[in-house]
Amino acid sequence: MSPTSVPSKNSEAAPKRESAGAAPRRGGGPSPLVRFLVRRVLTALLLAVGITLVTFVLTNLVPGDPVAANLGQRALGDPAIVAQWKAEHGLDKPLPQQYLLHLQGVLQGDLGTSQQSHRPVLDDLAEAVPATLELAGTAILISLVAGVAFGVIAALRRDRLSDHVLRVLSLVGISVPTFWLALTTFYIFFYRLQITPGSGRIDPGMSAPPHVTGLYTVDSALAGQWDVFASAVGHLATPALVLALYTIGLLTRFTRSAVLEVMGQDYVRAARAKGLPGRVILFRYVLRSALVPIITVAGLAFGSLLSGTVLVEAIFAWPGVGQYAFKSATTLDLPAVMGVGLVIGAVYLVINLIVDVLYGVIDPRVRLT
Amino acid sequence: MKLPQAWRQPLAIVGGVVAVAWLVIAVAAPLLAPHDPLAQDLPRLAPPGPGHWFGTDQLGRDILSRVMYGARLSIPLTLLLVALSVLVGGLLGACAGYFGKWADETIMRFADLVFAFPTVILAMVVAAALGASLANAVLAVLVVAWPAYARVTRGLVLGVREREFVISGRLLGFSAWRSLRVDVLPNITGPILVLATLDIGTALLLLSGLSFLGLGAKPPSPEWGAMVASGVEVFDSWWVATFPGLAILTVVLAFNFLGDTLRDALDPRTARAIKERAL
């Protein structure tokens, strides 16, 4: 879970690094970085299979009856039609075989048909995923910039007023219920003050920019439709800020402690003793080492952002994965739920992979583990 | 009674006072609440004013009374939820760390799988699959909450397992269970306690979030998340959603203040700094 799972990751990584430092390997074979990457990718693939298994098992625990949900009343009365439908969808086979069929479908890009929209789940997701990526991506960028900046300020001004204020503010940031904050900002800034645009991704009456990436800001800029671009940015700003508040709080706290920890190290003292300017020490000595824990938290933060999208998208009527997940979960639209689980799980895996690779790039000791 | 140095700072005191206040409200809600939380006998959607300080909702119920009664639902359930997560996660993590090998692999890969999903989405699917009720929402949050404890406990147990006093206990013939309980457990409770305190807030946010989505408490029960959701329907009556939201915020903030202080007090590095400052 959120801020709390972080020490665990650190405590797990710590013993590994020790053993790595003890036995530096040299000589033949691919470079340590390549081996490190290959191993990480393989682990990720294994987890991906695990994710398909979990979504499959979860959706099979659901007490709903897919036959009743898909066939009309008259067809249900005819055992021949029911049997044929079951055979068509592989439901007459034992569960392990059903899972293999499901896996085969997934590999071929077939995620089934949504019972809600009666469209292929893949098509639904192709529309929803870019909307969520645009929202969550903007939010994580805001959080990284603001969180790292605030954390560095708090660490440099330790125990002074600004540190205390930032500590309280970051605690408030991780304590606000996102759904309530979304509702409140929407009420105040849109309904009362009318300074932010309303719900959705662009102003009503405006048509979406030609599809290239699915990110409205990028697509409209590519097409040179600057009025659409302005509208898209305006619509993106408030939900992204609401979504980012929690992760800003999280990153501020961890950046502060990471920076403080590094500043106490001997090599930083040595750098200071030899008279290097404060800025060089901060960026080249302190921040570089502090980045490892910060990136861990940022990876985890992205996960909590994806969680937050469910709540924020509901309020801002943002047509993303969060809303799609919510709709399909509450109507027990199983193929859609499985699709969402797969996509979100895959995004998560990619994020974790990026975090791992960044580790390897920033901290050479990690590659050897 | 004198408070220990670490607790004599504004954040801890504010957090403690607010948390205690909420506990009192939860216990004494029937005495404190001015109205029946379910009675629909007030004017509908009346703004805050004398007689109903937090206003009334679309069914003519007193929001102040509902917020007070809500504490009786949210706070005990959240505490229960965290206790269960500590128990399940701690036990599994301790087994993984203590026994190692296949137990470690199985348990931790399972934890990894749960970590591979964003919490709200997994909890939402579980809650939807089990059927919407507050008990199922607790179960759903438990499913996503235990791995954090499993990871931390495993790491801590790994650190203690090879220490002399644990090994000598085993050599004296302690069973694995006794060794875990007598030698290992007392040495790892501190960090887990910090984690649990910091987690109370997260758990409440998640639980009320599920209720907000309609996957937890059912009407008419005065659960805070569900109350915020009902405020979405009557958008211009701001008080319907605002006060239950503030209730969640203050409870979570209080426990986060406490957890933050607890961590500073128990972390040897910061504890030393606090002592030095006190001298």
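Biologist: What percentage of the 279 residues of chain B count as buried?

Modeller: This is a predicted model in which local features need pLDDT of at least 70, side-chain atom pairs count only at pLDDT 80 or more, and totals for chains, interfaces and linings use all residues. Residues are numbered from 1 along each chain as its sequence is written, chains are lettered from A and ligands numbered from 1 in the order in which they are written, and side-chain values use heavy atoms, with hydrogens and water left out. Buried means under 20% relative accessible area, exposed means over 50%, and partly exposed lies in between (1.4 Å probe, protein chains only). Among the 279 residues of chain B, the buried share is 58%.

Biologist: How many helices does the secondary structure of chain B contain?

Modeller: Helices (H or I, at least four residues) and strands (E, at least two) are DSSP runs, numbered from the N terminus. Read from that terminus, the elements of chain B run α-α-α-α-α-α-α-α-α-α, and their C-alpha atoms fill a box of roughly 75 × 55 × 30 Å along the principal axes. Chain B has zero strands, and its number of helices is 10.

Biologist: Among contacts in chain B between residues at least 6 apart in sequence, what percentage join residues at least 24 apart?

Modeller: Contact means heavy atoms within 4.5 Å. For contacts in chain B between residues at least 6 apart in sequence, the share that joins residues at least 24 apart is 71%.

Biologist: How are helix H6 and helix H7 of chain B oriented, roughly parallel or roughly antiparallel?

Modeller: Axes are lines fitted to C-alpha atoms, for helices over the stretch in contact, and angles run from 0 to 180 degrees between N-to-C directions. The axes of H6(B) (residues 164-171) and H7(B) (residues 176-212) come within 10 Å and cross at roughly 160°. Angles under 35 degrees count as roughly parallel, over 145 as roughly antiparallel, 65 to 115 as roughly perpendicular and the rest as oblique. The crossing angle therefore makes H6(B) and H7(B) roughly antiparallel.

Biologist: How many nonpolar, polar and charged residues form the contact of H6(B) with H7(B)?

Modeller: Phe165(B), Val166(B), Gly169(B) and Arg170(B) in H6(B) meet Ala176(B), Ser179(B), Asp183(B), Val184(B) and Asn187(B) in H7(B). Ala, Val, Leu, Ile, Met, Phe, Trp, Tyr, Cys and Pro count as nonpolar, Asp, Glu, Lys and Arg as charged, and the others, Gly among them, as polar. By class, the contact of H6(B) with H7(B) has four nonpolar, three polar and two charged residues.

Biologist: Is the crossing of H2(B) and H9(B) left-handed or right-handed?

Modeller: H2(B) (residues 63-99) and H9(B) (residues 239-266) pack at an angle of about 35°, with their axes 10 Å apart. A crossing is left-handed if the near helix is turned anticlockwise from the far one by less than a right angle, and right-handed if clockwise. For H2(B) and H9(B), the crossing is right-handed.

Biologist: How far apart are the end C-alpha atoms of residues 75-99 of chain B?

Modeller: The UniProt annotation "transmembrane region", from an unreviewed entry, covers several spans of chain B, including residues 75-99. UniProt positions are given in the numbering used here, feature names are shortened, and annotations may be inferred rather than shown by experiment. Over residues 75-99 the chain is 100% helix and 0% strand, with its end C-alpha atoms separated by 35 Å.

Biologist: Which residue does a cis peptide bond join to Pro219(B)?

Modeller: Most peptide bonds are trans. In the loop between H7 and helix H8 (224-233) of chain B, a cis bond with omega of about 5° joins Pro219(B) to Pro220(B).

Biologist: Is Asp159(A) buried or partly exposed?

Modeller: Asp159(A) lies in the loop between helix H7 (121-156) and helix H8 (161-175) of chain A, and its phi is near 65°, a positive value in a residue other than glycine. With a relative accessible area of 33%, Asp159(A) is partly exposed.

Biologist: Which residues are in contact with Tyr99(A), leaving aside its neighbours within four places in sequence?

Modeller: Tyr99(A) is found in helix H6 (residues 95-107) of chain A and is buried, with a relative accessible area of 12%. Its contacts beyond those neighbours are Val49(A), Thr52(A), Leu53(A) and Phe56(A).
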